[in-house]
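Trainee: Can we walk through a model together? I'd like to start with aromatic rings and then look at a sheet.

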Amino acid sequence: MKYIIGLLAILLPILAGAQSPPVKPLAIGDKVPDITINNIINYQTTSFTTDGFKKPLLLDFFATYCSGCIAALPYFNSLQQEFKDSLQIVVVSGQPQSTIERLFQTNSLLTNNKLPFIASDTILHQLFPHHAIPHEVWIGADGIVKAITIADYVNKENLQKLIAGKPLYLPVKSDAQRYDSSLSLAGNASEGQSRILFQSTVTGFVNNAAPGITGTSLTVQGRYRRYYFINMTPVTLCMAALNYRFPLNRFVFEVQDPSKLVNIGKQHDWFLTHALSYEITLQEATPSGEVERHILNDIANATGLDIRIEKRQMPCYVLVRDQHTSLKDPATKGGKPDAVFISENGKPVYIHNGPVGGLIKAMNAGSFGKPQGIIIDESGYTSPVDIDLGAINIKNVHAVQKALAPYGFSIIHTSRLLDMIVVTDIHQQNK
């Protein structure tokens, strides 16, 4: 009876010999439904049901004319004996019982083989269609198809993962020849024909989405990450892809028609014509720098531009610290972090219990088409500060310099070799 329990939950509720409708093939991630299985040989019973299956199952599709199938049986049998009640290996054949029994009588490789065989099978072959054998189907204790592989991957290490409920990142054997040439590769992958290893797609404006949607998600298998950016300008898409490390004043535009890059007039019609939506799927372990390179290349290809990170000697302003000139201690006295960087109606600009880098970030922020000086923070001051700057315009570097001086900070005008985002017309680059 314990062996029957060890084989529960393979397939659909079908009575032996009854007529049944066509069965939809199962793929990795699908739940295996309940069924009654008959024609069991080399076993204590001749049938079992799948309504109480509690442990992992490996289905080994087999034929007596397949020498590789026969050669694998002694090894599979030894694995079965090692794992005993933790796992059940079942050999599945569409051949009649008499043919399989004859093999037991004539082939010494099956001596002392304790594996159960299913003879005259049709339903399992419909659920897991294939052409080449051996063909291995890995089913977890939860009844979910975990992997479909060639026999080479049936080993102690992988079976231990199956028993422990760990993910099986094994190459998928899919030789049912159901490729649909009318679908894209992504479309065939969604039909279970393959696993997407790398994919990127660029479209125009998406009508059913708001502007500026961004995010990431893991694929079902967990080894691949999808990054998406919906209804964005080419420039803001670049900024988002680079995790906003580059404000607009770190872009160098060497293009004849910049109006296609940013919606300067905030017009809805512009988005309909020029906005981009983009997604890319990469391996989860892909380094961030490589992710950024892929995204910039795809945006460049979609827009007909060359977009690259390039070091250039640039004029800039640099924030430095000289504590010997400090008249006021910038160190925070605590309290709720707060900051105001836009003076409205004469109200002061200030940082309370926050980083001075927040001021630098606000000074660098700007509008496309209105270049301003780049501000670099080389003060080395990372502790929270309390700084009151008064009712000033932070875009006025000299006003900020004067307001910061009592706190021992200076802003000097100089140049630095900086990473810049350079956007160039391809035809200009090739000249």
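Trainee: What does Phe253 count as, going by its relative accessibility?

Mentor: Phe253 counts as partly exposed, at 26% relative accessibility. Buried is under 20% relative accessible area, exposed over 50%, partly exposed in between (1.4 Å probe, protein chains only). Keep in mind that this is a predicted model, so local features need pLDDT of at least 70 and side-chain atom pairs 80 or more, while totals for chains, interfaces and linings use all residues. Numbering starts from 1 along each chain as its sequence is written, and side-chain values use heavy atoms, with hydrogens and water left out.

Trainee: And Phe251, buried or exposed?

Mentor: Phe251 is buried, at 8% relative accessible area.

Trainee: OK, rings now. How many aromatic pairs does the structure hold?

Mentor: Seven aromatic pairs. Rings of Phe, Tyr and Trp (its six-membered ring) pair if the centres lie within 6.5 Å; planes under 30 degrees apart are stacked, over 60 edge-to-face, the rest tilted. One of the pairs is Phe62 with Phe117, which is edge-to-face, with 5.5 Å between the centres and 90 degrees between the planes.

Trainee: Are Phe62 and Phe117 buried or exposed?

Mentor: Both Phe62 and Phe117 are buried.

Trainee: Back to Phe251 and Phe253: why is that pair stacked?

Mentor: Their planes are at 15 degrees and their ring centres 5.7 Å apart, so Phe251 and Phe253 are a stacked pair.

Trainee: Which residues do ring pairs link into a cluster?

Mentor: Phe62, Phe104 and Phe117 are linked into a cluster by ring pairs.

Trainee: Switching to the open sheet of four strands, what's the order?

Mentor: E9-E13-E11-E10, with antiparallel pairing. Two strands pair if DSSP finds at least two bridges between them.

Trainee: Which strands stand at the edges?

Mentor: Strand E9 (199-203) and strand E10 (213-218). Each has a single partner strand, so one side of each has no neighbour in the sheet.

Trainee: How many bridges between E9 and E13?

Mentor: Five bridges, and E9 pairs with strand E13 (residues 276-283) in the antiparallel sense.

Trainee: Which residue of E13 does Ser200 stand opposite?

Mentor: Ser200 faces Ile280 in E13.

Terms used: Helix = DSSP H or I, 4+ residues; strand = E, 2+ residues; numbered from the N terminus.
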